[in-house]
Amino acid sequence: MDLGIAGKTALVCGASKGLGYGCAEALVREGVNVVIVARGAEALEAAAKKLAVAAAGSPTPFVKHVAADITTEAGRAAVFALGHDFDIVVTNAGGPPPGDFRNWDREAWIKAVDANMLTPIELIKATVDGMAKRGFGRIVNITSSSVKSPIDILGLSNGARSGLTGFVAGVARTPIAAQGVTINNLLPGSFDTDRLKGTMAGAAQKTGQDFDTVWEARKKNIPARRFGTPAEFGAICAFLCSMQAGYMTGQNILADGGAYPGTY
């Protein structure tokens with residue numbers, strides 16, 4: 001399917017690997033010019049080279065990269081030094097650490113809210129009016145399945161990302177909706193990424209089990225009996241950015257292999 005977004009320009013955050021990279025790759029395959037941003041310069045440069053290969057076509061979209069911390073004012077300034085005229089923005093920041101809420105001080109909460117709520121809001125604020133003026137815009141926030149099915153040890157994520165969800169529910173339904181701009185949240189369940197492997201390694205260490213046992217047990221709890229892949233996550237993201245998805249806004253799209261039966 002031709003998604004109708006060839007020639008558009010996208011900003012994709014946290015795109016050096018994992019789900020962010022999957023989104024960037026899906027977009028460049030659709031002919032979208034992509035600016036990727038992440039903190040690790042070496043990994044980001046490697047990702048940019050891979051994306052340049054994936055982007056090969058006629059015409060070939062450009063791939064640019066900015067090594068910066070998008071959660072900081074300086075990081076956002078470095079990105080917007082390239083321009084503000086992004087047609088597509090994919091927000092993505094690493095989730096806060098798990099733990100017991102009794103151990104989290106104010107600084108921990110502020111850090112979580114800053115990265116997972118305020119940063120996406122700042123990116124939306126910086127780009128949405130230009131999108132509306134041009135008559136087209138797609139903003140996709142990568143959040144978490146915990147928004148729909150909260151996990152007790154992920155209180156920082158539950159709180160910060162739920163705040164973003166509430167904000168998006170309101171702003172997506174303002175007059176920008178009539179100007180061709182959509183804002184949606186994409187909620188990943190368990191995807192085969194370095195982050196999931198790290199979480200599973202921690203669980204294995206805590207329970208005294210070997211990694212493979214924990215990995216397979218987690219997989220069996222998913223009705224699809226497998227973990228998702230960054231490529232298929234990226235395909236969902238690309239669809240939300242498409243011309244065909246222009247009537248979808250303010251939605252929370254859960255990609256979880258059916259793992260959360262309490263949601264609908």
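**Exercise 1.** In this predicted model, find how the axes of α1 and α2 are placed and at what angle they cross.

*Solution.* Start with the axes: those of α1 and α2 come within 9 Å, and they cross at roughly 30°. Next, compare that angle with the cut-off: angles under 35 degrees count as roughly parallel. So α1 is roughly parallel to α2. The crossing in which α1 passes α2 is right-handed. Finally, look at the residues involved: α1 brings Y21, A24, E25, V28 and R29, while α2 brings A47, K50, L51 and A54.

**Exercise 2.** Work out the order of the strands in the open sheet, and say which strands stand at the edges.

*Solution.* Trace the sheet from one side to the other. Its 7 strands follow the order β3-β2-β1-β4-β5-β6-β7, with parallel pairing. Now check the two ends: β3 (63-67) and β7 (252-255) each have a single partner strand, so one side of each is left without a neighbour in the sheet. From one strand to the next, the twist averages 15°.

**Exercise 3.** Describe how β4 is joined to β1 and to β5, and which way its residues point.

*Solution.* Take one neighbour at a time. Between β1 and β4 there are 3 bridges, and the two strands run parallel. Here A10 stands opposite I88 of β4. On to β5 (residues 137-142): 4 bridges join this strand to β4 (residues 88-91), again in parallel. Look for V89, which stands opposite I139 in β5.

Now follow the side chains along β4. I88 and V90 point one way, V89 and T91 point the other way, and all are buried.

**Exercise 4.** Which residues touch the most other members of the largest nonpolar core, and which element gives the largest share?

*Solution.* This core has 35 residues, and I5, V12, L27, V34, I36, I88 and V90 touch the most other members. Two or more residues come from each of β1, α1, β2, α2, β4, β5 and α8 (230-240). The largest share is that of α1, with 7 residues.

For a close look, pick L27. Leaving out residues up to four places away in sequence, L27 touches I5, A10, V12, V32, V34, I88, V90, A238 and C241. There is also a second, separate core of 25 residues, and V66, V128, M131 and I176 are among them.

**Exercise 5.** Determine how α4 and α5 pack, and then decide whether N116 is buried or exposed.

*Solution.* Begin with the geometry. The axes of α4 and helix α5 (residues 155-171) lie 9 Å apart, and the helices pack at an angle of about 25°. That makes α4 roughly parallel to α5, and their crossing is right-handed. The contact uses A108, W109, A112, V113, N116, M117, P120, I121 and I124 on the α4 side, and G155, L156, A160, R161, G163, L164 and F167 on the α5 side.

Now focus on N116, which is found in helix α4 (residues 106-134). Buried means under 20% relative accessible area. N116 has 3% relative accessibility, so this residue counts as buried. Apart from residues up to four places away in sequence, N116 touches A93, G94, G95, P96, A160, R161 and L164.

**Exercise 6.** Decide for two loop residues, G40 and R225, whether each is buried, partly exposed or exposed.

*Solution.* Find G40 in the loop between β2 and α2. Its relative accessible area is 38%, so G40 is partly exposed. Turn to R225, in the loop between α7 (211-220) and α8. At 51% relative accessibility, R225 counts as exposed, since exposed means over 50%. One more detail to spot: R225 has a positive phi of about 60°, although it is not a glycine.

Note on methods: Residues numbered from 1 in each chain as written. Predicted model: local features only at pLDDT ≥ 70, side-chain atom pairs only at ≥ 80, totals over all residues. Heavy atoms only, no water. Pairing = 2+ DSSP bridges. Axes fitted to C-alpha atoms, helices over the stretch in contact; angles between N-to-C directions. Core = buried A, V, L, I, M, F, W, Y, C linked by side-chain atoms within 4.5 Å. Buried < 20%, exposed > 50% of the residue type's maximum accessible area, 1.4 Å probe, protein only. Contact = heavy atoms within 4.5 Å. Parallel < 35°, antiparallel > 145°, perpendicular 65-115°, else oblique. Left-handed = near helix turned anticlockwise from the far one by under 90°.
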